[in-house]
Amino acid sequence: MAVTPTPEALDRLRIEVPSWAFGNSGTRFRVFGTPGTPRDPFEKLADAAEVHRHTGLAPTVALHYPWDRVDDWGALRRHAEDLGVQLGTVNSNTFQDDDFKFGSLAHPDPRVRRKAVDHHLECIEVMHATGSRDLKVWLADGTNYPGQDSIRERQDRLAESLSEIYAHIDAEHRMVLEYKFFEPAFYHTDIPDWGTSYVHCVALGERAKVVLDTGHHAPGTNIEFIVAQLLRLGKLGAFDFNSRFYADDDLIVGAADPFQLFRIVVELIAGGGYGDPDVQLVLDQCHNIEAKVPGQIRSVLNVQEAVAKALSLDDEALAVARRDCDVLLANEIMMDAFATDVRPLLAEHRAAKGLPEDPMRAFLASGYLERVADERVGGTQAGWGA
Ligand code: AOS
Ligand code: ZN
Ligand code: ZN
């Protein structure tokens, strides 16, 4: 009962990969090194370009400032273009400086808020040089104990700081604002949920949109509902894709719950967000124990499989079943799409485009990992755990 996705529909998929996925990362217990880890942003881009070269799915790379600080942004941009990719979203960092111990944009001290706002203005400068469209703001702000600070005053300070940053965003730029229900703050987070992010984005204006990180909800949350609602409101700016078993695990997207990923993509397509450049699909993952480039290849392929399954949904039959209130038939149509083995179709689709039918095997056979392990000595951490 499933339908066959068209090549044009499959071709609308674009996924941004994060520079930090190629660096070493870990937990507070240990950061394990991996041979061949990039030593600088130029090498991270070389790794990211391998993902795109083998899959055709990942034409842009998200940067993190200052993890990806370079002297010459123009050189980094040209390097990316020479490798066949482009620089993407710039992520700010207001969580690794001692001054931000009690928050950044919502901090009680105006001096610290000034510093946090200025950091974002610096990020906007970087965006001019990199040609990036999006400034992504994720804040570690919050409190650990009831009474520690005024929840309400923090919202007011946050709104003021955000509006100062937003005032510096150019017409071609966007601010995308991420929410997270806990961690690193444990009692309250200043942007804990999509509603709070939405409220701030609406107050800021047209070019402020919500970022939905799939790992940032309480267990059991119906994430596809949030996708549907934000698309309806025209405020879904970007996804951070990853998967989680417990908290913000940042594991490979589609690894923990491929059915949830499928349901999310079904709503993305239904709401007109699929293939819309205004809904940027980004990976936000850390490969703590697995090889990093293959980890990213697996990730983009998992998203592609979820998209192909969702595009296999027989919309017309589903519309009829829904109109008839035929609960079981509607659910069966949905499950038929999910159960479709799209791997042969995708292999054929890649071959038709001159890409390897099996990108993972092709990459592993290319000798790239062995070569960089020989060439690169002393690779650095992604920033997490630094
Ligand atoms: C943190 O939990 C978030 O998911 C952010 O998206 C963060 O900006 C990203 O992990 C890199 O800093
Ligand atoms: Zn994220
Ligand atoms: Zn996260």
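Helix H5 (residues 151-166) and helix H6 (residues 194-204) have axes that come within 10 Å and cross at roughly 50°. That angle makes H5 oblique to H6, and H5 passes H6 in a right-handed crossing. The model is predicted.

**Packing of H3 and H4**
- Two packed helices are described by the angle between their axes and the distance between the axes.
- For helix H3 (residues 73-82) and helix H4 (residues 110-130), the angle is about 45° and the axes are 8 Å apart.
- H3 is therefore oblique to H4.
- The handedness of the H3 and H4 crossing is right-handed.

**Helix H2**
- Helix H2 covers residues 41-55, a run of 15 residues.
- From first C-alpha to last, H2 reaches 21 Å, close to the 21 Å expected at 1.5 Å a residue.
- Of the 15 residues in H2, 13 are buried, and the helix is mostly covered.
- Gly-56 follows H2 and has a positive phi, near 70°.

**Surroundings of ligand 1**
- The shell around ligand 1 divides into 6 charged, 2 polar and 2 nonpolar residues.
- Among the residues that surround ligand 1 are Asp-213, Asp-240, Asp-248 and Asp-284.
- Glu-178 and Lys-180 also belong to the residues around ligand 1.

**Ala-9 in H1**
- Ala-9 is placed in helix H1, which spans residues 7-10.
- Ala-9 and Thr-60 are 51 residues apart along the chain, and their C-alpha atoms are separated by 19 Å.

**Val-320 in H10**
- Val-320 lies in helix H10, which spans residues 315-323.
- With 14 C-beta neighbours inside 10 Å, Val-320 counts as partly exposed.
- The C-alpha atoms of Val-320 and Ala-330 are separated by 8.5 Å, with the two residues 10 apart along the chain.

Conventions:
Residues numbered from 1 in each chain as written. Chains lettered and ligands numbered in written order. Predicted model: local features only at pLDDT ≥ 70, side-chain atom pairs only at ≥ 80, totals over all residues. Helix = DSSP H or I, 4+ residues; strand = E, 2+ residues; numbered from the N terminus. Expected span 1.5 Å × (residues − 1). Buried ≥ 20, exposed ≤ 12 C-beta atoms within 10 Å, placed from the backbone. Near = placed C-beta within 6 Å. Nonpolar A, V, L, I, M, F, W, Y, C, P; charged D, E, K, R; others polar. Axes fitted to C-alpha atoms, helices over the stretch in contact; angles between N-to-C directions. Parallel < 35°, antiparallel > 145°, perpendicular 65-115°, else oblique. Left-handed = near helix turned anticlockwise from the far one by under 90°.
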